Amino acid sequence: MTSAVHCSTGRLAASILVCYWLGGLISLSYAARFSASRQRLEVQKHLNRLNKPAVKSIQSPDGDIIDCVHMSKQPAFDHPFLRDHKIQMRPSYPPEGLFDENKVSAKQKERTNPVRQLWHQYGKCPEGTIPVRRTKEDDVLRASSVKRYGKKKHRTVPVPRSADPDLINQNGHQHAIAYVEGGKYFGAKATINVWEPRIQRQNEFSLSQIWILGGSFGEDLNSIEAGWQVSPDLYGDNNTRLFTYWTSDAYQATGCYNLLCSGFIQINSEIAMGASISPVSGYRNSQYDISILIWKDPKEGHWWMQFGNDYVLGYWPSFLFSYLADSASMIEWGGEVVNSESDGHHTATQMGSGHFPEEGFSKSSYFRNIQVVDSSNNLKAPKGLGTFTEQSNCYDVQTGNNDDWGHYFYYGGPGKNPNCP
Ligand SMILES: *[C@@H]1O[C@H](CO)[C@@H](O)[C@H](O)[C@H]1NC(C)=O
């Protein structure tokens, strides 16, 4: 590249210097523009990899475009191990002992409502296709790099009772969770209250999810995660969205959110990962919740995910994992936020509803009917449920147990408040 500045040699050394300086500035801006166009090219290439050809596209009221992609063209099949994979259209064995929603009292049924996805108002994906949230250029540009787009920035698994302070204080991530450990687990279920917590800063998020964990908390930690999240960085807005995550190396090279890398195989044509869920609950108002079940099929060993009572979304093939190829060693349920602490104060980013557990139903957020899947593929009440939170004055958790809700807990909080400055 040549500089466009033409400098005549002046008699004064200073003017020559100024001339060099100007020329340097201009070639710098050339370099910047060149690298910007190279970045644009890189982003475009990544978008072409992620966004598969659509049979039909649906414009959602929240600005998303949902592409109906032929099932055999989905991102999973970019994985070298999946080139010849035959899609399994249903699990061989759903777990037994699902919490019987028919048993739930009529009064209870009136209190909570199932939710749907916003884009459903504007169309349906044809059979044989799956709905995929289209990634836009801006989505990728908000990430720290093209390579990191769709991946977690840090390891963010809460480590209850850890002696290692580095594991407890993970880049300001804060949790309020219930968990079981010490057994072999083959899945977990929960019905999760849905809210739209306020996020104070663009680089923070708030989520409520299930973690299925394998291995100790080392560099090879395996994790499968699903729930709802508000993440301005990932989606460009404050909407509450259904999400999944997986990793087989503690959030380093493998895994991603939703379908943003190859791994998860989706078979369902009605639910889109990463799409907004609607409606959300209101304080002292209507309450909405979603059910999520993740379990390991005893025949093929894949990890399946079901949303609500009706939607089997698909599966994570067993070979993606090391420890989870056998079983999980820990299950966690609950909330997580990022506290960026940028001004020395605690963030006011909310977890759950933004209200503490003490406030109870229709004010504080809940997980109800939490269960684990045992080695006989039976859903069971969790034994020895523990709780964990880094700073209970900021976000807290309280467990309980009754006939309508089985094992449940309330969790969350406002973050910054007089007791959490
Ligand atoms: C998200 O919410 C924050 C306040 O909580 C607001 O400042 C920001 O503008 C919102 N972002 C969008 C994209 O609506």
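Trainee: How many bridges pair strand β9 with β10, and in which sense?
Mentor: Two strands pair if DSSP finds at least two bridges between them. Strands themselves are DSSP runs of E with at least two residues, helices are runs of H or I with at least four residues, and both are numbered from the N terminus. Here β9 (residues 222-230) and β10 are antiparallel, with 7 bridges. Within that pairing, Gly227 sits opposite Phe243 in β10. Strand β10 also pairs with β11, again antiparallel, through 2 bridges, and there Trp246 stands opposite Cys256.

Trainee: Before I go on, what am I looking at, and how was it handled?
Mentor: It's a predicted model: local features need pLDDT of at least 70, side-chain atom pairs count only at pLDDT 80 or more, and totals for chains, interfaces and linings use all residues. Residues are numbered from 1 along each chain as its sequence is written, and side-chain values use heavy atoms, with hydrogens and water left out.

Trainee: Is β10 buried or exposed?
Mentor: The cut-offs come first: buried means under 20% relative accessible area, exposed over 50%, and partly exposed in between, using a 1.4 Å probe and protein chains only. In β10, 7 of the 7 residues are buried, so the strand is largely enclosed by the rest of the structure. Both of its faces are covered, with Arg241, Phe243, Tyr245 and Thr247 buried on one side and Leu242, Thr244 and Trp246 buried on the other. For the whole protein chain, 56% of the 421 residues are buried.

Trainee: How many disulfides does the count come to?
Mentor: A disulfide is a covalent bond between the sulfur atoms of two cysteines. The rule used is a pair of cysteine sulfur atoms within 2.5 Å, and by that rule the count comes to 3. One of them joins Cys68 to Cys125, S to S 2.1 Å. Cys68 lies in strand β2 and Cys125 in the loop between β4 (116-117) and β5, so this pair ties together parts that are 57 residues apart in sequence. Both cysteines, Cys68 and Cys125, are buried.

Trainee: Which hand does each disulfide have?
Mentor: Read the torsion about the S-S bond. For Cys68 and Cys125 the torsion is about -80°, so that disulfide is left-handed. The disulfide of Cys256 and Cys261 also has a torsion of about -80°, so it is left-handed. For Cys394 and Cys420 the torsion is about 100°, so that disulfide is right-handed. Cys394 lies in the loop between β20 (386-389) and β21 (396-402) and Cys420 in the segment after β22 (406-412), so the pair ties together parts that are 26 residues apart in sequence.
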